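Keep the 3D view open and follow along.

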Amino acid sequence: MSKTASFAQTTAAPGKARQNRKGRYAPRGRQASPRALEEVRAILKDMPRDKDLLIEHLHRLQDEFGYLAKDHLAALATETRLSLAEVYEVATFYHNFVVAETEEDLPRLTVKVCDSLTCELKGSRNLTEQLTENYGKSVQVTHGACMGRCDKAPVVRLEDQYVTKATIENSKFAIDKALTGNTASQVDLDHLSYSDYCENGGFKLLQKICDGDLDYQTVIDELKKSGHRGLGGAGFPHAMKIESVCSIPGPRLMAVNADESEPGTFKDRYYMNTNPYQFLEGMLIGADLVDAEAIYIFLRDEYPDTARILKTAIADLEIAGLTKGRPIHLRRGAGAYICGEESAMLESLEGKRALPRQKPPFPAHVGLFGRPTLINNVETLYWLPDILTKGADWYQDGGRHSSKGFRTFSLSGHVKKPGVYRVPAGITATELITEYGGGMEDGHVFRAYLPGGASGGMLPASMADIPLDFGTLEEHGCFIGSAAVIVLSDQDDLKDVCRNLMRFFEDESCGQCTPCRIGTIKALDLMAADSWDQPLLEELSAVMRDASICGLGQAAPNALLCLMKYFPEELS
């Protein structure tokens, strides 16, 4: 046969060749079983299948079954018309979601022992070892990031139940109850009722704004005069943020960051649990100022008690007509410190992994769903009714040491009275400890403190007379951030303190950028040695600060650098 004939014969009947080819017997990828589809539909009921509700859908599945079965994830992908990859990458990104093939692959109970700095200072490491030894493999005892209850450290979490001031005895009691199916969560604090808040003058200011008796420019001028700033960490002037959002044509949105995950921080939880209506009034004022079409509250998953309080409070506002028909969406986070970064929070609200966005554009201009978005944290909004009712002069007169206004500090560590304290801005660590914290714990001598949580750096007790405010700490390599003051004593190993903080950042890095993802791992490896390579750590820290996308990687080395600068005796 000639080459030409051979070619003709092989190409003459392509259809016949295709007919002889064996076809696929099923679609590619994992397909949902009819039973899984039925179960997912029964749980979601008439909820919209929009992509931005993906995390809430995952929560509902886990609330029902205790974990996320892979078959249910496939069914959810079918139901929401998302790819399985999109569903799976979100389900596996957040710490609090548990993905497994079947229920048999899971332990009977997962117990999380908080290993944030304050809890470790209070003995959580020993508690973890004791619980692991006591229960063996029947109960999974694992670490948990800060749970927002640092004033009651150490803390143990069993699903939605929390054991505070945990000991081996009360932890075992709670675990044994949970193994019998009793894990009902509890509300720790009684909150001010709607009627009591109204009787004390609540919502009168909001009504004045809605009625036009207090116009936009008057409010902006009063906020500028007061010097009020955002109190989530960055400290951006509040009035300027509102004006920036309003400079972009609508429709606009509002997002509230109630995901305070900075170790040592628990002030927002305190305000929401004790006086939710003042926070909500401030939120509605902010929404009215920017004419937001809808409000999204992003609440950390570790606050189930707060979620119940806010649901009831929001319902009260809707019944009273105070929302003006503006929808308020309460969304649960799923355990990711990175959501404290505003653009990462927006990504999470849109049903995605919480990866920080490149800036510009800034969220004030291109925010949630691409719209101009006013973003505030809880405490920032909590102060609005007070400032606008009592006046800018009242607010400014509240400070000390040339500072203006008030701040709310979360105080924890080796003090007799840890807690949330509303104090003059510019107070010093010494004053905070002695006037509000009841002094140092018996047997402890004040040695050092963190002025702004895990990311705010560390200073020696000899520098405890610096006013705690925006702009006062930066020259010392620190910042006030969320105003979470953690007090250390002469009984603490400061190298271990820094290791604890770096482990936290390594665990919470979203992994998007190399300087943070690899830098935290490398730093932790170097810090594990008895003798630290300081020049290499300084070089690595510089790379992380200069090249990380967001504040997590940029701030991760702060405590480490402070240790090398202010505590050289620790490294000798």
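In strand E5, the bridge partner of Val 113 is Val 156. Before going further, note that this is a predicted model.

**The parallel sheet**

There is also an open sheet of 4 strands in the order E9-E8-E7-E10, and here the pairing is parallel. Its edges are strand E9 (328-332) and strand E10 (373-377); each has a single partner strand, so one side of each is left without a neighbour in the sheet. The twist in this sheet averages 20° from one strand to the next.

Inside the sheet, strand E7 (residues 252-258) pairs with strand E8 (residues 292-299) in the parallel sense, over 6 bridges. To find a spot on that pairing, look for Ala 255: its bridge partner in E8 is Tyr 296. Helix H18 (residues 378-390) packs on the sheet, where it touches E7 and E10, and its direction makes about 90° with that of E10.

**Helices against helices**

Two packed helices are described by the angle between their axes and the distance between the axes. Three pairs are set out below.

| Helix pair | Angle | Axes |
|---|---|---|
| H14 (residues 267-274) and H16 (residues 304-320) | roughly 40° | within 9 Å |
| H12 (residues 216-226) and H13 (residues 238-246) | about 145° | 8 Å apart |
| H15 (residues 276-289) and H18 | about 85° | 7 Å apart |

Take H14 and H16, whose axes cross at roughly 40°. That angle makes H14 oblique to H16, and the crossing is left-handed. On the H14 side the contact uses Arg 269, Met 272 and Asn 273, which meet Asp 305, Thr 306, Ile 309 and Leu 310 in H16. Sorted by class, the residues in the contact of H14 with H16 are 3 nonpolar, 2 polar and 2 charged.

Next come H12 and H13, packed at an angle of about 145°. H12 brings Tyr 216, Ile 220, Leu 223 and Lys 224 to the contact, while H13 brings His 238, Ala 239, Ile 242, Glu 243 and Cys 246. The contact of H12 with H13 has 6 nonpolar residues, 1 polar and 2 charged.

From H15, the residues in the contact are Gln 278, Phe 279, Glu 281, Gly 282, Met 283, Ile 285 and Gly 286; they meet Val 378, Leu 381, Tyr 382, Leu 384, Pro 385, Asp 386 and Leu 388 in H18. The class count for the contact of H15 with H18 is 9 nonpolar, 3 polar and 2 charged residues.

**Charged pairs**

Side chains of opposite charge can pair when their charged atoms come close. How many salt bridges does a search of the whole structure find? The search finds 40 of them. One to look up is the salt bridge of Glu 101 with Lys 70, where the closest N and O atoms are 3.9 Å apart. Glu 101 lies in the loop between strand E2 (99-100) and E3, and Lys 70 in helix H5 (residues 70-80), so this pair ties together parts that are 31 residues apart in sequence.

Most residues other than glycine have a negative phi, and most peptide bonds are trans. A few spots here go the other way. The peptide bond from Gly 250 to Pro 251 is cis, with omega near 5°, and Pro 251 lies in the loop between H13 and E7. Lys 359 and Pro 360 are also joined by a cis peptide bond, with omega about -5°; look for Pro 360 in the loop between helix H17 (342-349) and E10. Lastly, Arg 81 has a positive phi, near 60°, although Arg 81 is not a glycine. Arg 81 is in the loop between H5 and helix H6 (84-91).

Note on methods:
Residues are numbered from 1 along each chain as its sequence is written. This is a predicted model: local features need pLDDT of at least 70, side-chain atom pairs count only at pLDDT 80 or more; totals for chains, interfaces and linings use all residues. Side-chain values use heavy atoms; hydrogens and water are left out. Two strands pair if DSSP finds at least two bridges between them. Helices (H or I, at least four residues) and strands (E, at least two) are DSSP runs, numbered from the N terminus. Axes are lines fitted to C-alpha atoms, for helices over the stretch in contact, and angles run from 0 to 180 degrees between N-to-C directions. Angles under 35 degrees count as roughly parallel, over 145 as roughly antiparallel, 65 to 115 as roughly perpendicular and the rest as oblique. A crossing is left-handed if the near helix is turned anticlockwise from the far one by less than a right angle, and right-handed if clockwise. Contact means heavy atoms within 4.5 Å. Ala, Val, Leu, Ile, Met, Phe, Trp, Tyr, Cys and Pro count as nonpolar, Asp, Glu, Lys and Arg as charged, and the others, Gly among them, as polar. A salt bridge is a side-chain nitrogen of Lys or Arg within 4 Å of a carboxyl oxygen of Asp or Glu.
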